[in-house]
Amino acid sequence: MKNKFFILVILFQTVDLALSTPKKYESIFNFGDSLSDTGNLLLSGALVFPVIGQLPYGETFFQHATGRCSDGRLIIDFIAEAFSLPYLQPYLAVKQGQSSQHGVNFAFSGATALDAEFFFQRNMGSILWTNNSLNVQLGWFRKLKSDLCSDDESCDDFFKKSLFLVGEIGGNDYNYAFFLGGSIKQLQSMVPSVVGAIANATSALIEEGAVELMVPGNFPIGCSAVYLTLFESPKKEDYDRHGCLKAFNGFAKNHNNQLKQALDTLRQKYPHARIFYADYYGAAMRYVHAPLHHGFYGGTLKACCGGGGPYNFNISARCGHPGSEACKDPSVYSNWDGIHLTEAAYRHIALALINGSSSHPPLISSPLSD
């Protein structure tokens, strides 16, 4: 009965999302990492045996693996749906001849905001999944630009009807460093560089003609199954009342605060552009605070797909690997594989961005409608 009620809630939310959104964007361009990659890592062939290329990844909506790091759709997919646009083609598919007129997804799983050189200089290069950083993705956009428009006038006309999403990105910059043993105190010194890279990319896109840009902050990593598993603490005071690691959530909030300050500076520099801050942290904490209200009867800290342990995250039996198993109903979990979220969680966050409760200013209030 609970599941039926949850399905009805989702149906009404989807209808509300579609009806309350003006059909104004004609294309979307996305930059980021595995939170929004719709197939670039898989198409690249970088992984010999990519688990994201097989079930249970993709089982919920597409019913086959697509290269998305989830059981189904991502935030970027719901945003495309809300504006009646097709799902974004990954850049590597566009290179193979797919249309790019409705936008392109440059996001690449494992990508960082900082260039790979930063990590190699600090003896962290061996852990990188990819060298396709935010700067590399910007280079891909510039290469593709001539296929989208031919001169400044046509580009201005095309991009004023486009939405650019710059992230979420930066999470992997911290993940790699934390997973190699870096402390929160040590990583605080990275934050200005990571935020600066995101701000510089946003500025570069505006210089290329973008006028509507959404820049997401970081998620509450202290509520993530991978962090809860790897950084488990015997001290009760290290956890908040919902079971999240307070120090890591504090780190994410610091990143977000610095990012918001950087975006304020960009708004002053580019008054003609509309720059939205997407509060992923706040949107996620809503269902962490009230999981049952959002239909997450399986909880918000434990992964749906994994190889056991208190949070169902086992580094030696990760989702898709031998020894792991997916839950029967991902819709009642917010965490998919210990690192990424379920389609159900991404839907809640996307709705919050569209209706403005987690987007500053609200995405639907944009004046560039025709």
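## Disulfide pattern

Counted along the chain, the bonded cysteines of this structure pair in the order 1-2, 3-4, 5-8, 6-7, and the number of disulfides held in the structure is 4. The model is a predicted one, and the bonds described below should be read as features of that model.

## The link of Cys223 and Cys244

The sulfur atoms of Cys223 and Cys244 lie 2.1 Å apart and form a disulfide, which is right-handed, with 110° about the S-S bond. This pair links distant parts of the chain, since Cys223 sits in the loop between β5 (212-216) and α11 while Cys244 sits in the loop between α11 and α12 (246-269), 21 residues apart. Cys223 counts as buried because its relative accessibility is 6%, under the cut-off of 20%, and Cys244 is likewise buried, with a relative accessible area of 0%.

## Two links around β8

Cys304 is joined to Cys327 by a disulfide with an S to S distance of 2.0 Å, and this link is left-handed, with -95° about the S-S bond. Cys304 belongs to the loop between β7 and β8 (305-306) and Cys327 to the loop between β9 (325-326) and β10, so the bond ties together parts that are 23 residues apart in sequence. Both of these cysteines are buried.

Cys305 and Cys319 also form a disulfide, with their sulfur atoms 2.0 Å apart, and here the link is right-handed, with 90° about the S-S bond. The pair links distant parts of the chain, with Cys305 in strand β8 and Cys319 in the loop between β8 and β9, 14 residues apart; Cys305 and Cys319 are both buried.

Cys69 is buried, its relative accessible area being 3%.

## Strand β7 and its partner

Strand β7 (residues 299-303) is mostly covered, with 4 of its 5 residues buried. It runs parallel to β10, to which 2 bridges join it, and Gly299 stands opposite Tyr333 in β10.

## The largest pocket

The largest pocket has a volume of about 1,000 Å³ and a lining of 46 residues, of which Ser34, Asn175, Asp337, Ile339 and His340 lie nearest its centre. By class, this lining has 30 nonpolar, 12 polar and 4 charged residues.

At least two lining residues come from each of α8 (171-179), α11 (225-230), α13 (280-289) and β10 (333-335), and α8 gives the most, with 6 residues.

Notes
Residues numbered from 1 in each chain as written. Predicted model: local features only at pLDDT ≥ 70, side-chain atom pairs only at ≥ 80, totals over all residues. Heavy atoms only, no water. 1 Å grid on protein atoms, 1.4 Å probe; cavity = no way out; pocket = protein on both sides within 12 Å on 5 of 7 lines; lining within 4 Å. Points joined across faces, edges and corners; volume = space filled by probe spheres on them. Nonpolar A, V, L, I, M, F, W, Y, C, P; charged D, E, K, R; others polar. Buried < 20%, exposed > 50% of the residue type's maximum accessible area, 1.4 Å probe, protein only. Pairing = 2+ DSSP bridges. Disulfide = S-S within 2.5 Å.
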